[in-house]
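Reader: Could you walk me through a strand and a helix here, one step at a time?

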Amino acid sequence: MSSDEYEIDGVCEAYPLIENHGVIGNMLTSALVSIHADINFMCWPHFDSPAMFCSLLDCEKGGHWRIAPETLRSKCKQTKTKQSYWPDTNVLQSRFHLVESVATVIDYMPVVDGKGLKWLVRKVKGIRGKLEMKMTFKPTFNFVLDKHKMEKTEFGYNIQSEPTKINLDLISKVPMTFINNENGGFLESIFTIKENDVVVFILKESFDSLDLFPKHLYRVPEDIGKLENELFMGTIFYWQKWLEKCTYKGRWREIVERSALCLKLMTFAPTGAIIASPTCSLPEGLGGPRNWDYRYAWLRDSSFSVYGLIRIGFIEEAHAFMKWLETRCAEAVYDDPKRSMPIRIMYSIHGNDKIPEYTLDHLSGYRDSKPVRVGNDAINQVQMDIFGEFMDSIYLSNKYGSLVSYDFWLHIRKMVDWVADNYQIKDEGIWEVRSGKQHFTYSKIMCWVALDRGLRLADRRSFPAPRDKWTKIRDTIYEEIQERGFNKDLQTFTQFYGSKALDASTLIMSLVFFLAPSDPRNLATLESILKPVEEGGLLANSLVFRYNLTHGHEEHIATDGLDGEEGTFNICTFWLIESLTRASVVNREYLVKARLMFDEMLGYANHLGLFSEEIGIGGEALGNFPQAFTHLSLISAAFNLDRVLSGKNHSNS
């Protein structure tokens, strides 16, 4: 899938649109690359490390790595760009079309023999004509807090930032010029490229040895082209071979496969952790304070990701995550009075549960969206729903081959038993509100799921468990939700007990088999959500808000303790599509509506098929990008919608 043509005069703007980016990575870290071949956000060496390029969060102070025609700014109206992925890979190419010449920049992080290298490769290739290109390498380590030094080497330049212990080499055959500045300097290179010419830049860890490759084949930098070709072919082979495991052959296959590639890119290979997004502080509302750091592994998001990957055949990733999950389960703390839950709602990619939140007040934020936050205080919140997603992913993984061991079961049993004893706790809910704890309906549903899947797993594997206790409490939770979570006057499930506000998270009911799709209460809730926002619903022309912050009667408006507005939530839109698909067993019109809504939603993907967390009022991407939650829900919605359209039964796994 390629982008439409873009007029390059937008490059003169300080901040490119969030959706005008592709992402590359190596299952260790990633980088955003704009349609103008500008790397403007990258953390190094890992997803949750401090950023060394962050001009996306401050266009004046933040660093970037730009490669573009030298005449770009002066002749912007004569230039167009296109961006696409190499087929079935995460190798990105950005192409510049000038009046009499064409050049492309190919970006990727090498994966050799299944292992991601701490390298970033940028290859500039002349396609037609001749043009002058300019490369600017301007790092600003630790979000512009740390200085660095650059030293000329035999192969290029060595870059070191002592506070963060970063030691990198930038290698190229073309000469580079050092220019000093307050951060420690940057590099520039101006070179001419004509048809079939290739210029390569390789950024690599200084201690990541070139011995990976036979010395008799490659002399650096003389043979950097041969070295790059080896890296390129190995990386292409890895991604294409990985995607061959995809079992999905239905409608919308291309966008489903791109979602799978995106989710794989957000997997931290050393531990199996799956991050929510590779960026931080991209706003949910332009100019507002809803700016969060998503570079960590939420149990909820990761568990849903496992479901999405299992659905389309990627079992190995589920196995790896189960190992990560088992370790977190074994580390659970039950006897600390300072902790409200035995496990955290999120962890670092290394399994650390210390992620303090602080603001970077020296950065202006994306389009003046302040504050810029790093870390996430939500780690200390009580979110009871995570146990349901946790158990659902374990149950599904066990079903599809990642068999639960007895030792793992002992940890699981203790955790499910804790849920049975503590499900009455109020929490901050799935949306991590900062307006106080409530008995959120979604959280109670997921407590029911935790007990239900615990019982199912115990029976499936004949594990010892307090079945009578768990069954009794599961049924008690079920009846409590029906009595207190369902508003009889409004004839709908609401956000929390006693509330009159709708919440799109209640769409999960039929997806986790809490209610049958044909249940009148499920259908009534579906119809309430389908109403336009102005009429008290959550729908805005096929897009779904997670709750209503602005419209309708005051008692029907939700509060989350934050200022500012937000866009529609992409995962909620895909949940609605899947709920409509399942409800089509009683009303065929729901299926027609689900398909139309799905096709319209795909129109909001960017030129590469990537989604952020939200969609703004002008159709622009909002929030961190790309977003795992969105892509996994897309996979699930596509899978179930395709099955029903093909005349197959609904999935009941």
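This is a predicted model: local features need pLDDT of at least 70, side-chain atom pairs count only at pLDDT 80 or more; totals for chains, interfaces and linings use all residues.

Reader: Nice. Which residue stands opposite leucine 32 in S4?

Author: S3 has a neighbour in S2 (residues 21-25), joined by five bridges and running antiparallel, where valine 23 stands opposite leucine 32. Three bridges join S3 to S4 (residues 38-43), also antiparallel. In S4, the residue opposite leucine 32 is phenylalanine 41.

Reader: And which residue in the turn between S3 and S4 has a positive phi?

Author: In the hairpin of S2 and S3, with four residues between the strands, methionine 27 takes a positive phi near 65°. S3 and S4 form a hairpin with three residues between them, and the turn residue with a positive phi, about 60°, is alanine 37.

Reader: Now to helix H13: within what arc do its buried residues fall?

Author: The buried residues of H13 are Tyr590, Leu591, Ala594, Met597, Phe598, Met601 and Leu602. Seen down the helix axis, they line one face, because they fall within an arc of 130°.

Reader: Which residue caps the N-terminal end of H13?

Author: Look for a side-chain oxygen that lies 2.9 Å from the backbone nitrogen of glutamate 589. That oxygen belongs to the capping residue, asparagine 587.

Notes:
Residues are numbered from 1 along each chain as its sequence is written. Side-chain values use heavy atoms; hydrogens and water are left out. Buried means under 20% relative accessible area, exposed over 50%, partly exposed in between (1.4 Å probe, protein chains only). Helices (H or I, at least four residues) and strands (E, at least two) are DSSP runs, numbered from the N terminus. The arc is that of the directions from the helix axis to the C-beta atoms. A polar contact is a pair of N or O atoms within 3.5 Å; within protein, one must be able to donate a hydrogen and the other to accept it, and residues adjacent in sequence count only if both atoms are side-chain atoms. Two strands pair if DSSP finds at least two bridges between them.
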